[in-house]
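Dear colleague,

I am passing a structure on to you, and I would be grateful if you could look through it beside these notes. My description comes after the structure itself.

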Amino acid sequence: MHTTLIVTVLILCQIKEMPRHHRTKKGIADIVTQRIDRLFDLANEEFATDSARSDRYIHHARRLAMKYRFKLGKRYKTRFCRSCGAFFVYGANARVRIKDKRTVITCLRCYCLRRY
Ligand SMILES: [Zn+2]
């Protein structure tokens, strides 16, 4: 939890401290990308010891993306459950199958399906 708070506070400070002419859409997007990357990394690291904590990292990453209207790419979108917010580790809490040339990801916590 502490790490999450620090990460979130850090990004806000970083954006505030940016010189005004750097505070462009791209400049902010760069920082947001970095933070989201880091949060997903942390979620991955924490999954083995505390999966609830990695879910919280995902929650923060999604909030961050929402706040700065940042689109989560496919790389991120496929790593968590849209309905219960669980961080996916394929094989552990998510099932990945190919059906009719489409990837189907099933969340093994809430059994919600998602096709890509
Ligand atoms: Zn789910």
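Below I describe a sheet and then a pair of helices.

Please bear in mind that this is a predicted model, in which local features need pLDDT of at least 70 and side-chain atom pairs count only at pLDDT 80 or more, while totals for chains, interfaces and linings use all residues. Residues are numbered from 1 along each chain as its sequence is written.

Helices (H or I, at least four residues) and strands (E, at least two) are DSSP runs, numbered from the N terminus. Three strands make up an open antiparallel sheet, ordered S1-S2-S3, where two strands pair if DSSP finds at least two bridges between them. Strand S1 (94–99) and strand S3 (113–115) are the edge strands, and because each has a single partner strand, one side of each has no neighbour in the sheet. From one strand to the next the twist averages 20 degrees. Strand S2 (residues 102–107) is joined to S3 by three bridges, and Ile105 has Arg114 in S3 as its bridge partner.

Turning to the helices, the axes of H2 (residues 25–46) and H3 (residues 51–67) come within 8 Å and cross at roughly 165 degrees, with axes fitted as lines to C-alpha atoms, for helices over the stretch in contact, and angles running from 0 to 180 degrees between N-to-C directions. H2 is therefore roughly antiparallel to H3, a term that applies to angles over 145 degrees. Among the residues that meet there are Leu39 and Phe40 in H2, and Tyr57 and Ile58 in H3, contact being counted when C-beta atoms, placed from the backbone, lie within 7 Å.

Best regards

Technical notes: Angles under 35 degrees count as roughly parallel, over 145 as roughly antiparallel, 65 to 115 as roughly perpendicular and the rest as oblique. Two residues are in contact if their C-beta atoms, placed from the backbone, lie within 7 Å.
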